[in-house]
Amino acid sequence: MNRRILTLMVALVPVVVFGVLLAVVTVPFVALGPGPTYDTLGHVDGKQVVQVIGAETHPTTGHLNMTTVAQRDGLTLGEALALWVSGRQQLMPRDLYYPPGKSREEIDDENSADFKRSEASAEYAALAHLDYPAAVTVAAVNDPGPSAGQLQAGDAIDAVNGVMVADVAAFSAFMDKTRPGQEIVVDYRRKQAPPGIARITLGEHPERDSGALGVLVQDAPWAPFVVDFHLANIGGPSAGLMFSLAVIDKLTDGRLAGQKFIAGTGTIDADGEIGPIGGITHKMLAAREAGAKVFLVPVDNCYEARSEPHGLTLVKVETLDQTVEALHVLRDGGEPPLC
C-alpha cells in the first residue's frame, strides 16, 4: 500500500472515531430553551384555551400569553455541543430534572399533576378576586367509595343532616362524630344543575374510628359555572397566573390587556399569591419572538429577568390583585411597578 495513503488512513482514524462518538454517545445533560407560547384568551386546536361555561362572558382584546420552556433529553454529544454553541439553549445536569430512582413516566406524571393543580388554583384565585364566596368544595371523590356516583368534584357541600357547614373545620367537626355504616344526608350545590340531596352510607376511615365520606374537601370560592382549560402536554405549575388573568378578563369587561401583547409566567395559589418559576430568560425570549412587548415577572424572578437583554417592559407581580391593578394602570397609559 502506498505510504501516503497509509499515513492518510492512520490520520483519519481519530477523526472517524470522534465522529462516531459525537453521533452515538449520549451525555447526562438536558437542553433547555424557549418553548411555545399560548394566548390564554385565544384558541388551540379549535378550542378556547380558557373556557367559561354557564356564565356571561365578554369579548376580549389584546393578548395574555403563557410561556413555556422546551426541554430536550437523550442528547448525543454532537447534539449537546451544537445546542450549546447556538447560544439559545442551556445545558443542565439531567439528574436535576430526572432524579435517579424515578422513571421518566413517573416524572412526567408528576409534572402533569402539577399542571392540573395549577388549573384548580388558577380558577380559585380568579373567583376569589371576583368576590365569589367560599364553600366546602369537593376537590376529589374516591372511586370506589361511599360517595362515588352521588357527589362530584366541584360540588359545594352546604349541610350534613340539616346542620349547615360553612367551612371545612365545621364539616370535619361534624364528620368526627359519625361512625362507619351510618347514613347521612348531604345537601349540595352542583355547577349548572339544581341543588341536590345525597343519602350516603359512610365507610370505614383508615386512620380514625369516625365514618368516611370518601371525598377530599377544601375551602374554596364557589361559582355555579364551569371553567375549563384546554391545553395538553404542558407540565408544571407556571401557567397559573396567566390562566387566572384570562378567567378574570372573560368575566369582567374583556379589556384587561387593552390592545397590548402581554406575556408572562408565575405559579399561583388559591389565595392569589404568585410564586417564582424556572427558565425565566427562556420564556422571555419566546415571548419576545412571539411579538410580546410586556412581560409579567414574579417578584422573586426580577433579578434574573433583568440580567438578560430582552427589549420587554418587565412588570413586577406579587399577587393576583396587584397584577390586575398593574394591568389597569398599563392599559390606561400609566407606569405599573417594574422590575
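The legends below describe close-up views of a predicted model. Local features are given where pLDDT is at least 70 and side-chain atom pairs where pLDDT is 80 or more, whereas totals for chains, interfaces and linings use all residues. Residues are numbered from 1 along each chain as its sequence is written, and side-chain values use heavy atoms, with hydrogens and water left out.

View 1. Strand β8 spans residues 156–160, and four of its five residues are buried (buried means under 20% relative accessible area, exposed over 50% and partly exposed in between, with a 1.4 Å probe and protein chains only). Strands are DSSP runs of E with at least two residues, helices are runs of H or I with at least four, and both are numbered from the N terminus; two strands pair if DSSP finds at least two bridges between them. Strand β7 (residues 134–141) runs antiparallel to β8 and is joined to it by two bridges, with Thr-137 opposite Ala-156. Ala-156 also stands opposite Arg-189 in β10 (residues 183–189), a strand that pairs with β8 in the antiparallel sense over four bridges.

**View 2. The hairpin of β8 and β9.** Strand β9 (residues 163–164) pairs with β8 in the antiparallel sense over two bridges, and Val-160 stands opposite Val-163. Two residues lie between the strands of this hairpin, where Asn-161 takes a positive phi near 50°.

**View 3. The salt bridge of Arg-190 and Asp-155.** The closest N and O atoms of this salt bridge are 2.8 Å apart (a salt bridge is a side-chain nitrogen of Lys or Arg within 4 Å of a carboxyl oxygen of Asp or Glu). The pair links distant parts of the chain, 35 residues apart, with Arg-190 in the loop between β10 and β11 (196–201) and Asp-155 in the loop between β7 and β8. Both Arg-190 and Asp-155 are buried.

View 4. Glu-119 and Lys-116 lie three residues apart in α3 (residues 104–129), about one turn of the helix, and form a salt bridge whose closest N and O atoms are 3.0 Å apart. Glu-119 counts as buried because its relative accessibility is 7%, whereas Lys-116 is exposed because its relative accessible area is 54%.

**View 5. A network of salt bridges.** Asp-253, Arg-255, Arg-331 and Asp-332 are linked in this network, in which the side chains of Asp-332 and Arg-331 meet at 3.6 Å, N to O. Asp-332 is exposed, with a relative accessible area of 59%, while Arg-331, at 22% relative accessibility, counts as partly exposed.
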